[in-house]
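Student: I'd like to learn how to read a protein model. Could we go through it together?

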Amino acid sequence: MQDAVVEHEAVKASRTEALADVLAGSRWAGRAGGGASAYASGTSVAAFADEVIALSLYHPSWPARYRVEAEVLRVALAGLAPHLEHIGSTAVPGLAAKPIVDILVGIERPAEIDAHTERLANFGYRTIGGSEYSERDQRFLVRTVRGMRTHHVHVVEHMNDAWHRLLLFRDVLRIDPQLALEYEQLKRELAAKFPTSRLGYTAGKSDFIKSVIGVTV
């Protein structure tokens with residue numbers, strides 16, 4: 001019963017949030033307003049590389065936030081028959097995380113996302129460019145609400161190595177609470193060491209991830 005209440009409140013909040021953005025004309029507005037996206041299509045990931053890294057305690061609404069947005073993406077990408085999964089730390093019960101929901105989208109050819117840029121923008125998403133994605137035949141999207149990132153979308157080829165690695169790391173943490181706790185402690189140490197360096201924070205997790213699944217995700 002409590003889970004149903006939490007999900008209901010998360011769904012209601014997400015819908016209210018989206019409605020407020022539409023009415024204010026800010027669903028894809030940047031921090032400074034004026035109708036410009038905080039992360040315009042093609043922006044490099046470096047655009048938010050120096051943001052403050054702040055971890056939040058696990059919140060039971062995160063899975064519901066994923067489910068709400070997954071339905072939005074299924075509509076936005078209906079022509080590509082996407083497969084969706086909740087990944088990242090917000091997908092692991094009890095694990096502290098940056099309160100940004102990570103969504104894995106598997107499609108036959110990730111580059112086909114490029115033809116849907118305008119449609120995705122209508123749903124609040126912008127493509128983050130960079131050779132690190134195009135060279136791996138992947139795409140990375142960010143949804144912002146009133147200038148704040150709320151969702152990351154990782155687009156990969158369905159059932160390829162990247163797809164399996166991301167799911168494997170999530171699943172191992174889900175079934176091993178002690179390992180999840182070790183990962184959380186590492187993230188807290190890295191957030192303290194690299195409070196405004198996304199690159200340093202991310203690189204610091206690489207060895208741990210490799211020790212868990214044999215390769216960095």
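Tutor: Two notes on what you are looking at. This is a predicted model, in which local features need pLDDT of at least 70 and side-chain atom pairs count only at pLDDT 80 or more, while totals for chains, interfaces and linings use all residues. Residues are numbered from 1 along each chain as its sequence is written, and side-chain values use heavy atoms, with hydrogens and water left out.

Student: How many aromatic pairs does the structure hold?

Tutor: The structure holds four aromatic pairs. Take tyrosine 58 and tryptophan 62: their ring centres are 5.3 Å apart and their planes meet at 80°, so this pair is edge-to-face.

Student: What do I need to describe such a pair?

Tutor: A pair of aromatic rings is described by the distance of the centres and the angle of the planes.

Student: Is tryptophan 62 buried or exposed?

Tutor: Here's the rule: buried means under 20% relative accessible area, exposed over 50%, and partly exposed in between (1.4 Å probe, protein chains only). Tryptophan 62 has a relative accessible area of 4%, so it is buried. Tyrosine 58 has a relative accessibility of 23%, so it counts as partly exposed.

Student: Can you show me another ring pair?

Tutor: Phenylalanine 169 and phenylalanine 208 also pair edge-to-face, with 6.5 Å from centre to centre and 80° between the planes. Phenylalanine 169 sits in helix H5 (residues 161–175) and phenylalanine 208 in helix H8 (residues 206–213), so the pair ties together parts that are 39 residues apart in sequence. Phenylalanine 169 is buried, at 8% relative accessible area, and phenylalanine 208 is buried too, at 13%. Ring pairs also link Phe169, Tyr183 and Phe208 into a cluster.

Student: Which residues of H8 are buried?

Tutor: In H8, Phe208, Ile209 and Ile213 are buried. They cover an arc of only 110° around the axis, which puts them on the same side of H8. That arc is the one of the directions from the helix axis to the C-beta atoms. The face of H8 turned away from its buried side carries the exposed residues Asp207 and Ser211.

Student: What covers the buried residues of H8?

Tutor: For this we use contact, meaning heavy atoms within 4.5 Å. The cover includes H5 and helix H6 (177–193). The C-alpha atoms of isoleucine 213 and phenylalanine 169 are separated by 6.5 Å, though the two are 44 residues apart along the chain. After H8 comes glycine 214, whose phi is positive, near 90°.

Student: Now the strands. How many bridges join strand E2 to E3?

Tutor: Two strands pair if DSSP finds at least two bridges between them. Five bridges join E2 (residues 83–87) to E3, and the two run antiparallel. On its other pairing, E3 goes with strand E6 (residues 148–157) in the parallel sense, over seven bridges. Follow glycine 106: it is the bridge partner of histidine 83, and in E6 its own partner is valine 156.

Student: Why is E3 said to be largely enclosed?

Tutor: Seven of the seven residues of E3 (residues 101–107) are buried, so the rest of the structure largely encloses this strand. Both of its faces are covered, with Val101, Ile103, Val105 and Ile107 on one side and Asp102, Leu104 and Gly106 on the other.

Student: And what does E5 pair with?

Tutor: E5 pairs with E6 in the antiparallel sense over seven bridges, where threonine 144 stands opposite arginine 149 in E6. E5 and E6 form a hairpin with two residues between them, and arginine 146 in the turn has a positive phi of about 50°. Strand E4 (residues 125–129) is joined to E5 by four bridges, and these two also run antiparallel.

Note on methods. Rings of Phe, Tyr and Trp (its six-membered ring) pair if their centres lie within 6.5 Å; planes under 30 degrees apart count as stacked, over 60 as edge-to-face and the rest as tilted.
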